[in-house]
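User: Please take me through this structure by way of questions and answers. I have not seen it before.

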Amino acid sequence: MTSHEATASPAETAESLRRVAVASFIGTAIEFYDFYIYGTAAALVLNQAFFPTLAPVNATLAAFSTYAVAFAARPLGSVIFGHFGDRVGRKSVLVASLLLMGLSTAFVGLLPGYGTLGIWAPLLLVALRFLQGIGLGGEWGGAALLAVEHAPRRRRGLYAAFPQLGPSVGFFAATGVFWLLSTVLDDAAFRSWGWRVPFLLSFLLVGVGLFVRLKISETPVFVKVMGAQEAGRVPAVDVLRRHPRELLLGAGGMIVAYGLFYTATTYCLSYATGPLGVPRSTMLGLSLIACLFLAAGTWLSATRSDGIGRRTLVLTGCGLTAVWGPALFPLLDTRQPALIALGIGGTLFCMGVVYGPMGAYLPELFGTAVRYSGASLAYNLGGVLGGAVAPLLATRLQSEFGSASVGWYVSAMAVISLLCVRALPETRERELV
């Protein structure tokens, strides 16, 4: 604890914790909004705007490939931002990650399409997407640590729930903006300029995020480590040398969370508005409803993890997913809005049950001197294995073997994550040292 915190009144301490919760929540919501608007655009319009010379299936795969680039960049972002987060501090690194992510997103909205720049358009798109990935690679770990390292031991799951809600709110906002534009604009206007509006809004959101984050203090756990001069010289190397098991198994545990999200959102949006012929505005509206299921699963699981345990709830979510996976696409294939909402909502609820406790679970697996690097690397390596390949593999599986095969792929990811988490210990009683 800092000297101020050691003498702070209970009211001051509560107010400080509220500011931390708000800052961690708003930051991740903005960053994930930035990340998700790209996924929505990739499913709806980027294939035609940047790859008009390709056949429809190949253009969709190309758009999803640019989408996957950011996942490949995220572990690199974890190494870069994790290094400085473990050496310099959580707060300053979170400000830098927000700036990089927000500005690279906004510039996508200013990027001319293939008709204007030719081959340079998709190349610049890939470069901006890569920078997005670098920024987000440093975001989640810092936001989770901001909450976890400020929180009392028996309430870490509760406070970690706030950054974990960021993806739900960010996805809701991203989908809501696209739904509104699809409702008020005709198809030609949407494809010409309307899809750029969500990206340009990032300029405003970056300002909001910076205002909030600059008001918070460094975490007391990190201050204590720095005071004892315990920070690792090269934290990422220390993680690989001392914690390879926690790193790899933690990444494996995240595979299903990423795979569920990007299958249920990015791929299902493309599949429903393409082969199934569901109107774009209808599908975006149903995705908004499904966001509520994600938020509910995340909050319930994260807050209950302080009593039940992180590991138990993550395993429960994996088990639910393994059973639910084969039901997803039969529900979508009905083309009935209520059943589509049930299919996507149920999938995102399962994802929330897995994802909610991870905000505390992954940081608790690592010591303070390497916690930023370790938790971020585990989280983002899981993204490469689960999120980057899910839309690509789902597209290929559906075209070759039908939609049912994608559901079984979801179940397979759940089994892999379940086995990884079973090999990890429970952490809710650990002291953060």
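This is a predicted model: local features need pLDDT of at least 70, side-chain atom pairs count only at pLDDT 80 or more; totals for chains, interfaces and linings use all residues.

User: At what angle do helix H16 and helix H17 pack, and how far apart are their axes?
Analyst: Helix H16 covers residues 310–333 and helix H17 covers residues 337–355. Their packing makes H16 roughly antiparallel to H17, since angles over 145 degrees are counted in that class. The angle is about 165°, and the axes are 8 Å apart.

User: What is the hand of the crossing of H16 and H17, and how do the residues of their contact divide by class?
Analyst: H16 and H17 cross in a left-handed manner. On the H16 side the contact includes Leu-313, Gly-317, Trp-324 and Leu-332, and on the H17 side it includes Leu-339, Gly-343, Cys-350 and Val-354. By class, the contact of H16 with H17 holds 15 nonpolar, five polar and no charged residues.

User: Where does Arg-335 lie, and what is its phi?
Analyst: Arg-335 is located in the loop between H16 and H17. Most residues other than glycine have a negative phi. Arg-335 is not a glycine, yet its phi is positive, at about 65°.

User: Which backbone nitrogens does the side chain of Asp-306 reach, and at what distances?
Analyst: Asp-306 belongs to helix H15, which covers residues 280–308. A polar atom of its side chain lies 2.8 Å from the backbone nitrogen of Gly-157.

User: Is Asp-306 buried or exposed, and which residues does it contact beyond its neighbours within four places in sequence?
Analyst: With a relative accessible area of 17%, Asp-306 is buried, because the class takes in values under 20%. Leaving aside neighbours within four places in sequence, Asp-306 is in contact with Arg-154, Arg-155, Arg-156, Gly-157, Leu-158 and Arg-428.

User: What is the relative accessibility of Ser-305, and which residues does it touch?
Analyst: Ser-305 also lies in helix H15. It counts as buried because its relative accessibility is 0%. Not counting residues up to four places away in sequence, Ser-305 touches Gly-157, Arg-310, Leu-313, Pro-357 and Arg-428.

User: Which residues of H7 and H19 meet, and how do they divide by class?
Analyst: From H7 the contact includes Leu-136, Trp-140, Leu-145 and Glu-149, and from H19 it includes Arg-371, Tyr-372, Tyr-379 and Asn-380. The residues of the contact of H7 with H19 divide into six nonpolar, six polar and two charged.

User: Where is Leu-124, and how far is its C-alpha atom from that of Gly-142?
Analyst: Leu-124 is found in helix H7, residues 120–150. At 37% relative accessibility, Leu-124 counts as partly exposed, and it touches Leu-111 and Leu-117, not counting residues up to four places away in sequence. Leu-124 and Gly-142 are 18 residues apart along the chain, and their C-alpha atoms are separated by 28 Å.

User: How do H19 and H20 pack, and what classes of residue make up their contact?
Analyst: H19 and H20 pack at an angle of about 145°, with their axes 8 Å apart, and the crossing is right-handed. Val-389, Leu-393 and Phe-401 are among the H19 residues in the contact, while H20 contributes Ser-405, Val-406 and Tyr-409. By class, the contact of H19 with H20 has eight nonpolar, three polar and no charged residues.

Definitions and conventions:
Residues are numbered from 1 along each chain as its sequence is written. Side-chain values use heavy atoms; hydrogens and water are left out. Axes are lines fitted to C-alpha atoms, for helices over the stretch in contact, and angles run from 0 to 180 degrees between N-to-C directions. Helices (H or I, at least four residues) and strands (E, at least two) are DSSP runs, numbered from the N terminus. Angles under 35 degrees count as roughly parallel, over 145 as roughly antiparallel, 65 to 115 as roughly perpendicular and the rest as oblique. A crossing is left-handed if the near helix is turned anticlockwise from the far one by less than a right angle, and right-handed if clockwise. Contact means heavy atoms within 4.5 Å. Ala, Val, Leu, Ile, Met, Phe, Trp, Tyr, Cys and Pro count as nonpolar, Asp, Glu, Lys and Arg as charged, and the others, Gly among them, as polar. Buried means under 20% relative accessible area, exposed over 50%, partly exposed in between (1.4 Å probe, protein chains only). A polar contact is a pair of N or O atoms within 3.5 Å; within protein, one must be able to donate a hydrogen and the other to accept it, and residues adjacent in sequence count only if both atoms are side-chain atoms.
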